[in-house]
Amino acid sequence: MSAALEVRPLAATIGAEVFGVDLSHTPSPDMIAQLRELLLKYGVIFFRGQILTPDTHLAFAQAFGKPEIHPIVAGTDKRPEIIKIEKPANEPASFGTEWHSDNSFFAAPSLGTILYAEEIPPAGGDTLYADMYTAYDQLSDGLKKMLDGVRAIHSAKVAYDPSGSAGAKYRGESTLKYTYSDAVAEEHAHPVVRTHPESGRKALYVNPMFTLRFEDMTEQESGPLLQYLYTHSTRPEFTCRFHWQKGSVAFWDNRGVMHYAMNDYEGHRRVMSRITLTGDVPA
Ligand code: SIN
(Lines give C-alpha, C1' and ligand atoms only; values in the text may rest on other atoms or scores of the structure.)
Protein backbone atom coordinates (compact mmCIF):
# COMPACT_ATOMS: atom_id res chain seq x y z
CA MET A 1 0.00 0.00 0.00
CA SER A 2 1.28 3.44 -0.89
CA ALA A 3 2.58 5.47 2.02
CA ALA A 4 0.28 8.26 0.90
CA LEU A 5 -2.82 6.49 2.18
CA GLU A 6 -3.58 6.04 5.85
CA VAL A 7 -6.12 3.34 6.64
CA ARG A 8 -7.93 3.19 10.00
CA PRO A 9 -10.23 0.16 10.39
CA LEU A 10 -13.52 0.87 12.17
CA ALA A 11 -14.32 -2.64 13.38
CA ALA A 12 -12.88 -6.15 13.41
CA THR A 13 -13.88 -7.19 9.90
CA ILE A 14 -15.76 -4.37 8.18
CA GLY A 15 -15.22 -0.70 7.40
CA ALA A 16 -12.15 1.50 7.26
CA GLU A 17 -11.55 5.22 7.05
CA VAL A 18 -9.05 6.16 4.37
CA PHE A 19 -7.02 9.35 4.63
CA GLY A 20 -4.73 10.96 2.08
CA VAL A 21 -6.88 11.13 -1.03
CA ASP A 22 -8.80 14.01 -2.59
CA LEU A 23 -11.76 12.49 -4.40
CA SER A 24 -12.41 15.65 -6.41
CA HIS A 25 -9.50 14.67 -8.68
CA THR A 26 -10.07 11.69 -10.94
CA PRO A 27 -7.94 8.98 -9.33
CA SER A 28 -4.86 7.65 -11.12
CA PRO A 29 -4.83 3.97 -12.18
CA ASP A 30 -2.59 3.25 -9.18
CA MET A 31 -5.01 4.99 -6.78
CA ILE A 32 -7.98 3.15 -8.33
CA ALA A 33 -6.19 -0.16 -7.78
CA GLN A 34 -5.42 0.72 -4.15
CA LEU A 35 -8.97 1.83 -3.38
CA ARG A 36 -10.41 -1.28 -5.07
CA GLU A 37 -8.19 -3.43 -2.91
CA LEU A 38 -9.35 -1.61 0.23
CA LEU A 39 -12.99 -1.90 -0.84
CA LEU A 40 -12.59 -5.65 -1.30
CA LYS A 41 -10.82 -6.00 2.05
CA TYR A 42 -13.12 -3.85 4.20
CA GLY A 43 -16.45 -3.95 2.31
CA VAL A 44 -16.94 -0.25 2.91
CA ILE A 45 -14.42 2.56 2.91
CA PHE A 46 -14.95 6.09 4.21
CA PHE A 47 -13.36 9.44 3.42
CA ARG A 48 -13.58 12.70 5.37
CA GLY A 49 -13.52 16.35 4.41
CA GLN A 50 -14.23 15.93 0.70
CA ILE A 51 -15.70 18.66 -1.50
CA LEU A 52 -17.50 17.14 -4.46
CA THR A 53 -19.62 18.71 -7.19
CA PRO A 54 -22.08 16.52 -9.10
CA ASP A 55 -19.48 16.33 -11.90
CA THR A 56 -16.55 15.28 -9.69
CA HIS A 57 -18.77 12.84 -7.76
CA LEU A 58 -19.74 11.28 -11.09
CA ALA A 59 -16.16 11.27 -12.37
CA PHE A 60 -14.98 9.46 -9.23
CA ALA A 61 -17.77 6.90 -9.60
CA GLN A 62 -16.94 6.37 -13.28
CA ALA A 63 -13.41 5.42 -12.32
CA PHE A 64 -14.85 2.31 -10.63
CA GLY A 65 -17.72 1.35 -12.92
CA LYS A 66 -20.82 2.49 -14.75
CA PRO A 67 -23.18 4.79 -12.84
CA GLU A 68 -26.77 3.62 -13.30
CA ILE A 69 -30.13 5.39 -13.47
CA HIS A 70 -32.65 4.12 -10.95
CA PRO A 71 -35.88 2.88 -12.57
CA ILE A 72 -38.12 4.10 -9.71
CA VAL A 73 -36.38 6.81 -7.67
CA ALA A 74 -35.78 10.04 -9.62
CA GLY A 75 -32.25 11.34 -10.01
CA THR A 76 -31.46 15.03 -10.32
CA ASP A 77 -32.61 16.84 -13.47
CA LYS A 78 -29.07 17.48 -14.72
CA ARG A 79 -27.47 14.25 -13.55
CA PRO A 80 -30.09 11.48 -13.50
CA GLU A 81 -27.44 9.07 -12.14
CA ILE A 82 -27.32 11.09 -8.90
CA ILE A 83 -30.13 10.59 -6.40
CA LYS A 84 -30.41 13.41 -3.89
CA ILE A 85 -31.52 11.72 -0.66
CA GLU A 86 -32.96 14.81 0.93
CA LYS A 87 -34.94 14.62 4.15
CA PRO A 88 -36.24 18.00 5.32
CA ALA A 89 -36.68 18.63 9.04
CA ASN A 90 -40.43 18.13 8.97
CA GLU A 91 -40.63 15.11 6.67
CA PRO A 92 -41.29 11.72 8.30
CA ALA A 93 -40.50 9.51 5.26
CA SER A 94 -36.98 8.13 5.36
CA PHE A 95 -34.88 6.37 2.69
CA GLY A 96 -32.93 3.21 3.37
CA THR A 97 -34.18 2.68 6.92
CA GLU A 98 -34.09 -1.12 6.82
CA TRP A 99 -31.20 -3.50 6.25
CA HIS A 100 -30.62 -3.93 2.53
CA SER A 101 -28.17 -4.33 -0.29
CA ASP A 102 -28.80 -1.61 -2.87
CA ASN A 103 -31.09 -2.64 -5.68
CA SER A 104 -30.95 -6.37 -5.00
CA PHE A 105 -34.31 -6.44 -6.80
CA PHE A 106 -32.56 -5.78 -10.13
CA ALA A 107 -31.68 -8.72 -12.38
CA ALA A 108 -28.10 -7.43 -12.08
CA PRO A 109 -27.98 -5.64 -8.68
CA SER A 110 -25.73 -2.65 -8.03
CA LEU A 111 -22.04 -3.41 -7.59
CA GLY A 112 -21.34 -0.54 -5.28
CA THR A 113 -22.61 2.76 -3.94
CA ILE A 114 -20.84 6.09 -3.44
CA LEU A 115 -22.66 8.32 -0.95
CA TYR A 116 -21.61 11.93 -0.31
CA ALA A 117 -22.82 13.86 2.74
CA GLU A 118 -23.92 17.41 1.95
CA GLU A 119 -25.92 18.28 5.04
CA ILE A 120 -25.89 16.34 8.29
CA PRO A 121 -28.04 16.65 11.43
CA PRO A 122 -26.27 17.76 14.64
CA ALA A 123 -26.70 14.22 16.01
CA GLY A 124 -27.95 10.96 14.52
CA GLY A 125 -28.37 10.03 10.86
CA ASP A 126 -25.56 7.45 11.03
CA THR A 127 -25.39 4.52 8.62
CA LEU A 128 -24.81 0.95 9.81
CA TYR A 129 -23.07 -1.70 7.70
CA ALA A 130 -23.11 -5.50 8.06
CA ASP A 131 -20.38 -7.84 6.84
CA MET A 132 -22.17 -10.59 4.90
CA TYR A 133 -18.94 -12.59 4.34
CA THR A 134 -18.34 -13.05 8.05
CA ALA A 135 -22.05 -13.70 8.54
CA TYR A 136 -21.76 -16.55 6.02
CA ASP A 137 -18.47 -17.85 7.46
CA GLN A 138 -20.00 -18.02 10.94
CA LEU A 139 -22.97 -20.19 9.93
CA SER A 140 -22.83 -23.84 10.98
CA ASP A 141 -21.61 -26.32 8.38
CA GLY A 142 -25.09 -27.84 8.38
CA LEU A 143 -26.82 -24.58 7.50
CA LYS A 144 -24.15 -23.74 4.91
CA LYS A 145 -24.82 -27.11 3.26
CA MET A 146 -28.59 -26.55 3.40
CA LEU A 147 -28.32 -23.12 1.75
CA ASP A 148 -25.97 -24.32 -0.97
CA GLY A 149 -27.74 -23.87 -4.32
CA VAL A 150 -30.84 -22.26 -2.75
CA ARG A 151 -32.12 -19.10 -4.40
CA ALA A 152 -34.32 -16.34 -3.02
CA ILE A 153 -36.77 -14.04 -4.75
CA HIS A 154 -36.00 -10.32 -4.58
CA SER A 155 -38.47 -7.59 -5.53
CA ALA A 156 -39.24 -3.93 -4.89
CA LYS A 157 -42.96 -4.65 -4.63
CA VAL A 158 -43.10 -4.26 -0.83
CA ALA A 159 -40.49 -1.53 -0.27
CA TYR A 160 -41.72 0.60 -3.18
CA ASP A 161 -45.43 -0.25 -2.92
CA PRO A 162 -47.39 2.86 -3.99
CA SER A 163 -50.22 1.94 -1.61
CA GLY A 164 -47.83 1.54 1.35
CA SER A 165 -45.60 3.93 3.27
CA ALA A 166 -43.83 4.90 0.00
CA GLY A 167 -47.14 6.28 -1.35
CA ALA A 168 -46.31 9.92 -0.54
CA LYS A 169 -43.20 9.65 -2.71
CA TYR A 170 -45.31 8.65 -5.73
CA ARG A 171 -47.87 11.38 -5.06
CA GLY A 172 -45.19 14.07 -5.03
CA GLU A 173 -45.79 14.79 -1.32
CA SER A 174 -42.20 14.11 -0.32
CA THR A 175 -38.87 15.51 -1.47
CA LEU A 176 -37.77 12.21 -2.99
CA LYS A 177 -39.81 11.39 -6.08
CA TYR A 178 -40.78 7.90 -7.21
CA THR A 179 -42.18 6.89 -10.59
CA TYR A 180 -44.09 3.66 -10.90
CA SER A 181 -42.55 1.32 -13.47
CA ASP A 182 -42.61 -2.41 -14.22
CA ALA A 183 -39.46 -2.63 -12.10
CA VAL A 184 -41.62 -2.29 -8.96
CA ALA A 185 -43.42 -5.59 -9.49
CA GLU A 186 -40.62 -7.63 -11.11
CA GLU A 187 -39.20 -10.60 -9.23
CA HIS A 188 -35.64 -11.89 -9.63
CA ALA A 189 -34.12 -15.01 -8.10
CA HIS A 190 -30.58 -14.69 -6.71
CA PRO A 191 -28.43 -17.23 -4.86
CA VAL A 192 -28.80 -17.00 -1.09
CA VAL A 193 -25.04 -17.42 -0.90
CA ARG A 194 -23.24 -15.54 -3.65
CA THR A 195 -19.61 -15.77 -4.62
CA HIS A 196 -17.93 -12.41 -4.98
CA PRO A 197 -16.70 -12.18 -8.59
CA GLU A 198 -13.44 -10.47 -7.60
CA SER A 199 -12.46 -11.89 -4.20
CA GLY A 200 -14.00 -15.34 -4.70
CA ARG A 201 -15.38 -15.13 -1.14
CA LYS A 202 -18.86 -16.37 -0.28
CA ALA A 203 -21.36 -13.95 1.23
CA LEU A 204 -24.94 -14.23 2.41
CA TYR A 205 -27.15 -12.40 -0.05
CA VAL A 206 -30.63 -11.90 1.44
CA ASN A 207 -32.03 -8.73 2.99
CA PRO A 208 -35.28 -7.78 4.73
CA MET A 209 -36.02 -4.84 2.42
CA PHE A 210 -36.14 -6.68 -0.89
CA THR A 211 -36.06 -10.47 -0.29
CA LEU A 212 -39.58 -11.89 -0.37
CA ARG A 213 -39.11 -15.66 -0.02
CA PHE A 214 -37.02 -18.64 -1.06
CA GLU A 215 -37.58 -19.80 -4.62
CA ASP A 216 -40.35 -22.43 -4.89
CA MET A 217 -41.46 -21.77 -1.32
CA THR A 218 -44.20 -19.59 0.19
CA GLU A 219 -43.49 -16.47 2.23
CA GLN A 220 -44.87 -18.26 5.31
CA GLU A 221 -42.50 -21.19 4.81
CA SER A 222 -39.53 -18.93 4.10
CA GLY A 223 -40.12 -16.38 6.87
CA PRO A 224 -38.56 -18.11 9.92
CA LEU A 225 -35.28 -19.04 8.22
CA LEU A 226 -34.98 -15.68 6.47
CA GLN A 227 -35.61 -13.95 9.79
CA TYR A 228 -32.89 -16.06 11.38
CA LEU A 229 -30.46 -15.09 8.62
CA TYR A 230 -31.26 -11.38 9.08
CA THR A 231 -30.80 -11.56 12.86
CA HIS A 232 -27.59 -13.56 12.46
CA SER A 233 -26.06 -11.31 9.79
CA THR A 234 -26.70 -8.10 11.74
CA ARG A 235 -25.12 -9.34 14.98
CA PRO A 236 -23.23 -6.34 16.39
CA GLU A 237 -19.85 -8.04 15.94
CA PHE A 238 -20.45 -8.28 12.17
CA THR A 239 -21.24 -4.57 11.83
CA CYS A 240 -19.71 -1.13 11.86
CA ARG A 241 -21.38 2.25 12.24
CA PHE A 242 -20.38 5.42 10.45
CA HIS A 243 -21.00 8.86 11.91
CA TRP A 244 -21.25 11.31 9.05
CA GLN A 245 -19.86 14.80 8.84
CA LYS A 246 -20.48 17.26 6.05
CA GLY A 247 -18.08 16.21 3.27
CA SER A 248 -17.85 12.55 4.30
CA VAL A 249 -18.02 9.95 1.53
CA ALA A 250 -18.78 6.24 1.88
CA PHE A 251 -18.05 3.75 -0.87
CA TRP A 252 -19.51 0.30 -0.22
CA ASP A 253 -19.59 -3.02 -2.02
CA ASN A 254 -23.19 -4.23 -2.23
CA ARG A 255 -21.98 -7.72 -3.12
CA GLY A 256 -20.74 -8.39 0.40
CA VAL A 257 -22.27 -5.72 2.62
CA MET A 258 -25.76 -4.69 3.78
CA HIS A 259 -26.52 -1.27 5.22
CA TYR A 260 -29.16 0.59 7.25
CA ALA A 261 -29.77 4.35 7.38
CA MET A 262 -30.77 5.48 10.88
CA ASN A 263 -33.89 7.65 11.05
CA ASP A 264 -33.26 9.25 14.44
CA TYR A 265 -32.87 12.96 13.70
CA GLU A 266 -36.42 14.29 13.70
CA GLY A 267 -36.54 18.07 13.38
CA HIS A 268 -33.29 18.21 11.40
CA ARG A 269 -32.36 18.07 7.75
CA ARG A 270 -30.09 15.50 6.11
CA VAL A 271 -28.98 15.67 2.47
CA MET A 272 -26.89 13.00 0.74
CA SER A 273 -25.97 12.45 -2.92
CA ARG A 274 -25.94 8.84 -4.04
CA ILE A 275 -24.52 7.12 -7.10
CA THR A 276 -24.82 3.37 -7.61
CA LEU A 277 -22.68 1.39 -10.05
CA THR A 278 -24.05 -1.27 -12.36
CA GLY A 279 -23.30 -4.77 -11.12
CA ASP A 280 -23.43 -8.25 -12.53
CA VAL A 281 -25.86 -11.14 -12.13
CA PRO A 282 -25.09 -12.77 -8.77
CA ALA A 283 -23.63 -16.28 -8.98
C1 SIN B 1 -29.02 4.12 1.08
O2 SIN B 1 -29.69 3.26 1.61
O3 SIN B 1 -28.50 3.94 -0.01
C4 SIN B 1 -28.79 5.44 1.78
C5 SIN B 1 -28.06 5.29 3.05
C6 SIN B 1 -28.02 6.56 3.86
O7 SIN B 1 -28.65 7.56 3.50
O8 SIN B 1 -27.31 6.56 4.87
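Two strands are taken as paired if DSSP finds at least two bridges between them. Strands (E, at least two residues) and helices (H or I, at least four) are DSSP runs, numbered from the N terminus. The structure is a predicted model, in which local features need pLDDT of at least 70 and side-chain atom pairs count only at pLDDT 80 or more, whereas totals for chains, interfaces and linings use all residues. Residues are numbered from 1 along each chain as its sequence is written, and side-chain values use heavy atoms, with hydrogens and water left out.

In strand 2, Val18 is the bridge partner of Val7. Strand 2 (residues 16-19) and strand 1 are joined by 4 bridges in the antiparallel sense. Both belong to an open sheet of 7 strands, with the order 1-2-3-13-5-15-4 and mixed pairing. Strand 1 (6-9) and strand 4 stand at the edges with a single partner strand each, so one side of each has no neighbour in the sheet. Neighbouring strands of this sheet are turned against each other by 20 degrees on average, direction ignored; axes are lines fitted to C-alpha atoms, for helices over the stretch in contact, and angles run from 0 to 180 degrees between N-to-C directions.

An open sheet is also formed by 3 strands in the order 12-6-14, with antiparallel pairing. Its edge strands, strand 12 (239-242) and strand 14, each pair on one side only. Strand 6 (residues 127-131) is joined to strand 12 by 4 bridges, and the two run antiparallel. Within strand 12, Arg241 stands opposite Leu128.

The ligand is surrounded by Ile85, Gly96, His100, Asp102, Leu115, Thr127, Trp252, His259, Ala261, Arg270 and Arg274, where a residue is near a molecule if one of its heavy atoms lies within 4 Å of it. By class, the shell residues comprise 4 nonpolar, 4 polar and 3 charged; Ala, Val, Leu, Ile, Met, Phe, Trp, Tyr, Cys and Pro count as nonpolar, Asp, Glu, Lys and Arg as charged, and the others, Gly among them, as polar. A polar side-chain atom of His100 lies 3.0 Å from a ligand oxygen atom. The corresponding distance to a ligand oxygen atom is 3.5 Å for Asp102 and 2.8 Å for Arg270. The protein covers 100% of the 260 Å² of accessible area that the ligand has on its own (Shrake-Rupley method, 1.4 Å probe). Strand 14 (257-261) and strand 15 (270-277) are the elements that give two or more residues to the shell.

Across the whole structure, 17 salt bridges are found, each being a side-chain nitrogen of Lys or Arg within 4 Å of a carboxyl oxygen of Asp or Glu. One of these joins the side chains of Arg269 and Glu86 at 3.0 Å, N to O. Arg269 lies in the loop between strand 14 and strand 15 and Glu86 in strand 4 (residues 83-87), so the pair ties together parts 183 residues apart in sequence.

Terms used. A polar contact is a pair of N or O atoms within 3.5 Å; within protein, one must be able to donate a hydrogen and the other to accept it, and residues adjacent in sequence count only if both atoms are side-chain atoms.
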